[in-house]
Amino acid sequence: MKQKRHTVDQIIAKLRRADVLLGKGTRVPVVCKELGITKQTYYRWRQKYGGMQPEMAKELKTLEKENARLKKMVAEQALDMEILREAARGN
């Protein structure tokens, strides 16, 4: 079965719809079935995106990309430093 990816905006919209349904007294399994997701996915989304506005989610995505880029830079710099140490030790 092909997995379907949801955009951040779709996730936030589904979580808002779930909040409305849960406010009306509907149980979580019924809400998940109506949204077409599993309970595990619902709870994972709620943990990550619960209460977020779409703008906040986009900012989170850009911050995650920036963080990954910076981590890569630090790893490369540490590798360069280790190479220089090895070269200096060899002399």
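Val 28, Pro 29 and Cys 32 in helix α2 meet Lys 39, Tyr 42 and Tyr 43 in helix α3. By class, this contact has 5 nonpolar, no polar and 1 charged residues. The model is a predicted one.

**How α2 and α3 cross**

- The axes of α2 and α3 are 9 Å apart, and the two helices pack at an angle of about 95°.
- That angle makes α2 roughly perpendicular to α3, because angles of 65 to 115 degrees count as roughly perpendicular.

**How α1 and α3 cross**

- The helices α1 and α3 pack at an angle of about 105°, and their axes are 10 Å apart.
- This makes α1 roughly perpendicular to α3.
- From α1, the residues in this contact are Val 8, Ile 11, Ile 12, Lys 14, Leu 15, Ala 18, Asp 19 and Leu 22.
- From α3, they are Tyr 42, Trp 45, Arg 46 and Tyr 49.
- The residues of this contact divide into 9 nonpolar, no polar and 3 charged.

- Helix α3 runs over residues 39–49.
- Which residues of α3 are buried? They are Thr 41, Tyr 42, Trp 45 and Tyr 49.
- Why do these buried residues lie on the same side of α3? They cover an arc of only 100° around the axis, which puts them there.
- What do the buried residues of α3 pack against? Their partners are α1 (8–23), α2 (28–35) and α4 (54–90).
- The face of α3 turned away from the buried side carries Gln 40 and Gln 47, which are exposed.
- After α3 comes Gly 51, with a positive phi near 80°.

**Trp 45, a buried residue of α3**

- Trp 45 lies in helix α3.
- Is Trp 45 buried or exposed? Its relative accessible area is 8%, so Trp 45 is buried; the cut-off for buried is under 20%.
- Leaving aside neighbours within four places in sequence, Trp 45 is in contact with His 6, Ile 11, Lys 14, Leu 15, Ile 37 and Gly 50.
- Trp 45 and Val 8 are 37 residues apart along the chain, and their C-alpha atoms are separated by 9.7 Å.

**The largest nonpolar core**

- How many residues does the largest nonpolar core have? It has 16 residues.
- Those with the most contacts inside this core are Ile 12, Leu 15, Ile 37, Tyr 42 and Tyr 49.
- The elements that give two or more residues to this core are α1, α2 and α3.
- Helix α1 gives the most, with 6 residues.
- In soluble globular proteins, nonpolar side chains tend to be buried together.

- Gln 10 is found in helix α1. Its relative accessible area is 38%, so Gln 10 is partly exposed.
- The C-alpha atoms of Gln 10 and Pro 54 are separated by 9.4 Å. Along the chain, these two residues are 44 residues apart.
- Ala 13 lies in helix α1 as well. Ala 13 is partly exposed, with a relative accessible area of 45%.
- Between the C-alpha atoms of Ala 13 and Pro 54 the separation is 8.9 Å, and the two are 41 residues apart along the chain.
- Val 20 has its place in helix α1. Val 20 is partly exposed, because its relative accessible area is 48%, while exposed means over 50%.
- What separates the C-alpha atoms of Val 20 and Ala 87? The separation is 64 Å, for two residues 67 residues apart along the chain.

Notes: Residues are numbered from 1 along each chain as its sequence is written. This is a predicted model: local features need pLDDT of at least 70, side-chain atom pairs count only at pLDDT 80 or more; totals for chains, interfaces and linings use all residues. Side-chain values use heavy atoms; hydrogens and water are left out. Buried means under 20% relative accessible area, exposed over 50%, partly exposed in between (1.4 Å probe, protein chains only). Helices (H or I, at least four residues) and strands (E, at least two) are DSSP runs, numbered from the N terminus. The arc is that of the directions from the helix axis to the C-beta atoms. Contact means heavy atoms within 4.5 Å. Axes are lines fitted to C-alpha atoms, for helices over the stretch in contact, and angles run from 0 to 180 degrees between N-to-C directions. Angles under 35 degrees count as roughly parallel, over 145 as roughly antiparallel, 65 to 115 as roughly perpendicular and the rest as oblique. Ala, Val, Leu, Ile, Met, Phe, Trp, Tyr, Cys and Pro count as nonpolar, Asp, Glu, Lys and Arg as charged, and the others, Gly among them, as polar. A nonpolar core is a set of buried Ala, Val, Leu, Ile, Met, Phe, Trp, Tyr and Cys residues joined through side-chain atoms within 4.5 Å.
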